[in-house]
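Colleague: Let us go through this chain and its fold. Please take the questions in turn.

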Amino acid sequence: MSIGGGELKAFMSAQNNAIVNAEQGDHDRCGWFHPAAAHRATAAPTSGTAWRLVLLGAPGVGKGTQADLLNQRLDACHLSTGDLFRAASKQKESDQSPAMRSAMEHMRRGELVPDSTVWEMVRERTNSIRCSSGFVLDGFPRTLGQAEALKQLMESEKIPLNAVVNYELPLANIVARLSGRRTCEKCKAVYHVTGNPPKIEGVCDRCAGKLFQREDDRPESITVRMAVYERSTAPLIEFYKALGVLVSIPAIGSPEDIYARTIETLKARA
Ligand code: AMP
């Protein structure tokens, strides 16, 4: 599989459409920033199966985009710990707790936020996992400690996990996607410096907003994030394999291709 401009262009522009479509619904990725906003916890499911999914995969495989699509189309609730931390980083520093300020530092360096801080954020949103139309966890759990804590919580709530979807992509593709990724600070459209460049460098085609590179997409942070993934998160693959819930999906192609592959595989297990 080539990682030339064609693949990147197709991936980035399709990713944009996927994100915009998802955001046009009521499935705002930061919708659960406030714990009380797990508003669909008691809503009736709108489709037959309530899917309870965890998404795994190295940074840059496109988990966030898949989470948006799954969330939108399965009508599931979506919890992204990365989005929660990014939203927290936009708060005034004086409004941030010392634990949150330290979490921001970890995040900037591409390191994992300590389990205790992550768990506090997730536990405040326990309603999310009770969401009757199912849920998609994206970026959580990321360590064996977090996975154990989630397992105990779900057992105590008597809520089963349907599947853990592990997105797989060769390292070279991941690095190419992450290092050239640029995001609009206003509308969140995603570009790629070579694969899907804007018409005017640094300016969003859609809303003229300023494009920025996520701090943790800089080369020094990517190296740290990949090492952290190998050390802390890759062991979750064995953990969930042993529980019989792991499903591996190749993350090659456009977001729609990957989504179709995911749904097909999940339906075959149902
Ligand atoms: P993401 O958007 O999921 O790649 O997350 C961005 C950053 O947030 C990560 O590089 C970590 O610094 C932090 N983060 C998000 N989720 C977790 C988690 N479950 N455990 C530890 N750190 C996390």
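Colleague: How many bridges join β2 to β3?
Modeller: This is a predicted model, in which local features need pLDDT of at least 70, side-chain atom pairs count only at pLDDT 80 or more, and totals for chains, interfaces and linings use all residues. Residues are numbered from 1 along each chain as its sequence is written. Strands (E, at least two residues) and helices (H or I, at least four) are DSSP runs numbered from the N terminus, and two strands pair if DSSP finds at least two bridges between them. β2 and β3 (residues 134–138) run parallel, and the bridges that join them number four.

Colleague: Which residue of β3 is the bridge partner of H78, and which is that of C77?
Modeller: H78 has V136 as its bridge partner in β3. For C77 the partner in β3 is F135.

Colleague: Which residue of β3 is the bridge partner of R52?
Modeller: β1 and β3 also pair in the parallel sense, over five bridges. The partner of R52 in β3 is F135.

Colleague: What is the strand order in the open sheet?
Modeller: The sheet has five strands and parallel pairing. β2 (77–80) and β8 (246–250) each have a single partner strand and stand at the edges, so one side of each is left without a neighbour in the sheet. The order is β2-β3-β1-β4-β8.

Colleague: Why is β3 largely enclosed by the rest of the structure?
Modeller: A residue is buried if 20 or more other C-beta atoms, placed from the backbone, lie within 10 Å of its own, exposed if 12 or fewer, and partly exposed in between. In a regular strand the side chains alternate between the two faces of the sheet. In β3, G134, V136 and D138 point one way and F135 and L137 the other, and all are buried. β3 is largely enclosed because the buried residues are five of five.

Colleague: At what angle to β3 does α2 run?
Modeller: Helix α2 (residues 63–74) lies across β1 (51–57), β2, β3 and β4 (163–168). Contact requires C-beta atoms, placed from the backbone, within 7 Å. Axes are lines fitted to C-alpha atoms, for helices over the stretch in contact, and angles run from 0 to 180 degrees between N-to-C directions. Relative to β3, the angle of α2 is about 170 degrees.

Colleague: Is D75 buried or exposed?
Modeller: D75 is found in the loop between α2 and β2. Its phi is near 60 degrees, a positive value in a residue other than glycine. With 20 other C-beta atoms within 10 Å, D75 is buried.

Colleague: Is K158 buried or exposed?
Modeller: K158 lies in the loop between α7 and β4 and has a positive phi of about 55 degrees, although it is not a glycine. With 6 other C-beta atoms within 10 Å, K158 is exposed.

Colleague: Which element gives the largest share of the shell around the ligand?
Modeller: The ligand is surrounded by 18 residues, each with its C-beta atom, placed from the backbone, within 6 Å. T81, G82, V113, G139 and R142 are the closest. α3 (81–89) and α4 (98–109) are the elements that give two or more residues. The largest share, three residues, comes from α3.

Colleague: Which residues of α3 are buried?
Modeller: The buried residues of α3 fall within an arc of 160 degrees seen down its axis, so they line one face of the helix; the arc is that of the directions from the helix axis to the C-beta atoms. What covers them includes β2 and α5 (115–123). The buried residues are T81, D83 and L84.

Methods. Two residues are in contact if their C-beta atoms, placed from the backbone, lie within 7 Å.
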